[in-house]
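Please read the report below alongside the sequence and the three-dimensional view.

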Amino acid sequence: AGSPTQTVDNPSSVMATFNSLTLAASQWTLANGNTSTNGNGSNAWRGLISTLGVTKGKWFFETKVTGIEAPDPGNIIFGITDITQYVQTASNGPFSEVSRAYGYRASSGNKVNNAVETAWGNSYTTNDIIGCAFDLDNNKIYFSKNGTWETSGDPTSGAAGTGAAFTLASGYTYTPAFSSYYSAEKYSCNFGNGYFGTTAISSEGTNASGIGKFEYDVPTGYTALSLKGLQE
């Protein structure tokens, strides 16, 4: 028998995962406790949201790209959406096509909201780790690539929103959201359990909240999207 895998995702601190109950999720091959995608069933826009939504507080998660479509790279978008605007269809298009969805696109580095793309940050590809910090107390969202915040963002800047990708519409319930098109496009999310799929983080970043383990430093004041975090 193999050795057990240690994880901080446990009954006292349940972490978010991909929500397999959404219709588009049925078109995916999900793995590793619904924290990884092993590609679409066929080439079409598919979307995922997480199992936890929040209305206030400051939250952080990481997503690692594990596969890309070589001929047309980067039809991958990571971010958050108002859970009430998430479209429930088998092939639901990019989650970022509605007014209260905010994403960061791999191939271009563009930020995306309401189906409008704006030049913004750096592109990303296989093995890159994208961090997302969303501040629902000040209604800002920030993205990092391999530990560096895009456009010199500062998630601790509060209402100033230094380098934020977007100012969020306030008063809604937001959840992490993910979209891709090609079956070859794959990714794994670390919501705080310290793994990308079955691969442990290589070097744990700082996390003043003490909830969750992440590859890179968690901005001060932010925490993992988890039941324990919701109780703080």
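Residues are numbered from 1 along each chain as its sequence is written, and side-chain values use heavy atoms, with hydrogens and water left out.

The protein chain has a mean pLDDT (the predictor's confidence in each residue, from 0 to 100) of 92, and 94% of its residues reach 70 or more. Over residues 1-6, however, pLDDT stays under 50, and the model has two contacts beyond four places in sequence for this stretch, a contact being heavy atoms within 4.5 Å. Where pLDDT is low, the predicted coordinates should not be read in detail.

The structure holds 22 aromatic pairs. In F60 and W149 the ring centres are 6.3 Å apart and the planes stand at 65°, so this pair is edge-to-face. Rings of Phe, Tyr and Trp (its six-membered ring) pair if their centres lie within 6.5 Å, and planes under 30 degrees apart count as stacked, over 60 as edge-to-face and the rest as tilted. Because F60 lies in strand β4 (residues 58-67) and W149 in strand β11 (residues 148-149), the pair ties together parts that are 89 residues apart in sequence. Helices (H or I, at least four residues) and strands (E, at least two) are DSSP runs, numbered from the N terminus.

Beyond residues up to four places away in sequence, T63 touches residues including F78, F178 and Y187.

The table gives the accessibility of selected residues, where buried means under 20% relative accessible area, exposed over 50%, and partly exposed in between (1.4 Å probe, protein chains only).

| Residue | Relative accessible area | Class |
|---|---|---|
| F60 | 2% | buried |
| W149 | 18% | buried |
| L230 | 38% | partly exposed |
| N127 | 53% | exposed |
| S152 | 63% | exposed |

Although N127 is not a glycine, it has a positive phi of about 80°, and N127 sits in the loop between β8 (116-118) and β9 (129-135). S152, likewise not a glycine, has a positive phi of about 55° and is found in the loop between β11 and β12 (166-167).
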